[in-house]
Amino acid sequence: MKKERNFTKVYISDRAYKRQKTTKHPWIFDNEIEKIEGKYINGELVDVLSSKKTYIGTGFINDNSKIRIRIISRNANDIFDDDFIKRRLKHAIDYRKNVMGE
């Protein structure tokens with residue numbers, strides 16, 4: 001990671017890291033988590049890292065699902081504020097217009 005962050009750190013298995021590296025799939029399953037550093041509340045953002053502390057992404061954590069983390073960003077410098085949400089929504093709308101037509 002490029003800068004220090006205050007999110008809880010979730011470390012995933014080497015097998016899960018290899019899958020993340022090749023597919024970039026946004027889901028981290030419960031059985032892929034090896035260690036959690038810090039405390040969190042369900043629904044909070046957490047940073048996902050490999051066992052060697054390589055940053056993978058940031059996502060929402062949910063203990064009530066087998067899909068434990070849903071990654072929303074792979075950029076360690078993202079700031080998760082209103083502008084981030086607006087930017088992501090605009091991109092999603094523009095993408096759908098482009099694919100589906102207006």
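Reader: Why is Leu89 called exposed?
Author: Its relative accessible area is 51%. Exposed means over 50%, buried under 20% and partly exposed in between (1.4 Å probe, protein chains only), so Leu89 counts as exposed. Leu89 is found in helix H2; helices (H or I, at least four residues) and strands (E, at least two) are DSSP runs numbered from the N terminus. The model is predicted, so local features need pLDDT of at least 70 and side-chain atom pairs pLDDT 80 or more, while totals for chains, interfaces and linings use all residues. Residues are numbered from 1 along each chain as its sequence is written, and side-chain values use heavy atoms, without hydrogens and water.

Reader: What makes Arg19 and Glu32 a salt bridge?
Author: Their closest N and O atoms are 2.8 Å apart. A salt bridge needs a side-chain nitrogen of Lys or Arg within 4 Å of a carboxyl oxygen of Asp or Glu, so the pair qualifies. Arg19 lies in helix H1 (residues 14-23) and Glu32 in the loop between E2 and E3, so the bridge ties together parts that are 13 residues apart in sequence.

Reader: How do you know whether Glu32 is buried or exposed?
Author: Glu32 has a relative accessible area of 10% and is therefore buried. Beyond residues up to four places away in sequence, Glu32 touches Tyr11, Ile12, Ser13, Ala16, Arg19 and Trp27, where contact means heavy atoms within 4.5 Å.

Reader: How many salt bridges does the structure hold?
Author: Six. One of them joins the side chains of Arg68 and Asp30, with an N to O distance of 3.9 Å. Arg68 is in strand E6 and Asp30 in the loop between E2 and E3, so this pair links parts 38 residues apart in sequence.

Reader: What joins Asp30, Asp63 and Arg68 into one network?
Author: Arg68 also bridges to Asp63, with closest N and O atoms 3.7 Å apart. The salt bridges share partners, and this joins Asp30, Asp63 and Arg68 into one network. Arg68 is buried at 17%, Asp30 is partly exposed at 26%, and Asp63 is partly exposed at 35%.

Reader: Why does Asp78 count as buried?
Author: Asp78 has 17% relative accessibility, so it counts as buried. Asp78 lies in the loop between strand E6 (67-73) and helix H2 (82-100). Leaving aside neighbours within four places in sequence, Asp78 is in contact with Arg5, Ser73, Phe84 and Arg87.

Reader: What makes the pair of Asp78 and Ser73 a polar contact?
Author: Their side chains meet at 2.5 Å. The rule asks for N or O atoms within 3.5 Å, one able to donate a hydrogen and the other to accept it; residues adjacent in sequence count only if both atoms are side-chain atoms. The pair therefore counts as a polar contact.
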